[in-house]
Amino acid sequence: QIRMRMQELAPYAATHKDYLIGQLLENGGATGYNSYDAVTFFNDAHVKGDNSNDNNLGCAATTGTTPTVAEFKSAFIAACAAMMGFKDENSRPMVLGLSGLVVVTPPSEMYFTAVEALGAAMISSTSNTVAAALQGSLPRVISLPWLSSTDKMYLLKCDMGIRPLIFQDREPLEFNGCGPGSEGESHRYKNY
């Protein structure tokens, strides 16, 4: 049973990086979760040179925490417009196109709302302009189980040289077995 329990723990170790990303997204507006410019990761004023970029947008859902398909579509359009308006320190556009987008949602009905809002050809008997505009490069929708707030979605651009999130291992883990015939096993039973 110990071996079975160890096998059950393996997926937790493999997804620990995803857990850390979830914590950053979930707490990105809190003190201590700072970006490269020493302000919180999600902030109204990321200053670069003469420009200030706001990556902390809000779009309220009329039903509380779960947006309708139309509300999600509207929030996605607002996020894309803000992202396309980001400028670097030389006042040049930072986001060139809307390819490589990833939408991250909590594990709730918002995931299905996002899939429908971004991929359906028709919404409420009207052509879905988002699906038509992003034809061929629809965003990938991911449900991240480590997000506990059910009323937030995150939009990431993941196809450029500089990524929105970077994980750096301080020192990679190394696993060594101590079973029959292993180096650890032979040292254990050696006569000195």
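Helices, of at least four residues, and strands, of at least two, are DSSP runs numbered from the N terminus. With that in hand, welcome to a few views of this predicted model.

**View 1. The whole chain, element by element.** Reading from the N terminus, the elements run α-α-β-β-α-β-α-β-β-α-β-β-α. That makes 6 helices and 7 strands in the chain. Of its 192 residues, 30% are buried. The accessible surface comes to about 13000 Å², and carbon and sulfur atoms account for 55% of that area.

**View 2. An open sheet of 3 strands.** Here the strand order is E6-E3-E7, and the pairing is mixed. Strand E6 (140–143) and strand E7 (154–157) are the edge strands; each has a single partner strand, so one side of each has no neighbour in the sheet. From one strand to the next, the twist averages 25 degrees. Helix H3 (residues 69–84) packs on this sheet, where it touches E3 and E7, and its direction makes about 40 degrees with that of E7.

**View 3. Strand E3 and its two pairings.** Strand E3 (residues 101–105) pairs with E7 in the antiparallel sense over 4 bridges. Look for Val103, whose bridge partner in E7 is Leu155, and for Val102, which stands opposite Leu156 of E7. With E6, strand E3 pairs in the parallel sense, again over 4 bridges. On that side, Thr105 has Ser143 of E6 as its bridge partner.

**View 4. The side chains of E3.** In a regular strand, side chains alternate between the two faces of the sheet. From E3, Leu101, Val103 and Thr105 point one way, while Val102 and Val104 point the other way.

**View 5. A nonpolar patch at the surface.** Ile2, Met6, Leu9 and Tyr12 make a nonpolar surface patch of about 490 Å². One of these residues, Ile2, lies in helix H1 (residues 2–14). Why does Ile2 count as exposed? Its relative accessibility is 70%, and exposed means over 50%, so Ile2 qualifies.

Methods. Residues numbered from 1 in each chain as written. Predicted model: local features only at pLDDT ≥ 70, side-chain atom pairs only at ≥ 80, totals over all residues. Heavy atoms only, no water. Patch = residues over 30% accessible without salt bridge, like charges linked within 9 Å, V, L, I, M, F, W, Y side chains within 5 Å. Areas by Shrake-Rupley, 256 points an atom, 1.4 Å probe, with all protein chains shown as cover. Salt bridge = Lys/Arg side-chain N within 4 Å of Asp/Glu carboxyl O. Buried < 20%, exposed > 50% of the residue type's maximum accessible area, 1.4 Å probe, protein only. Pairing = 2+ DSSP bridges. Axes fitted to C-alpha atoms, helices over the stretch in contact; angles between N-to-C directions. Contact = heavy atoms within 4.5 Å.
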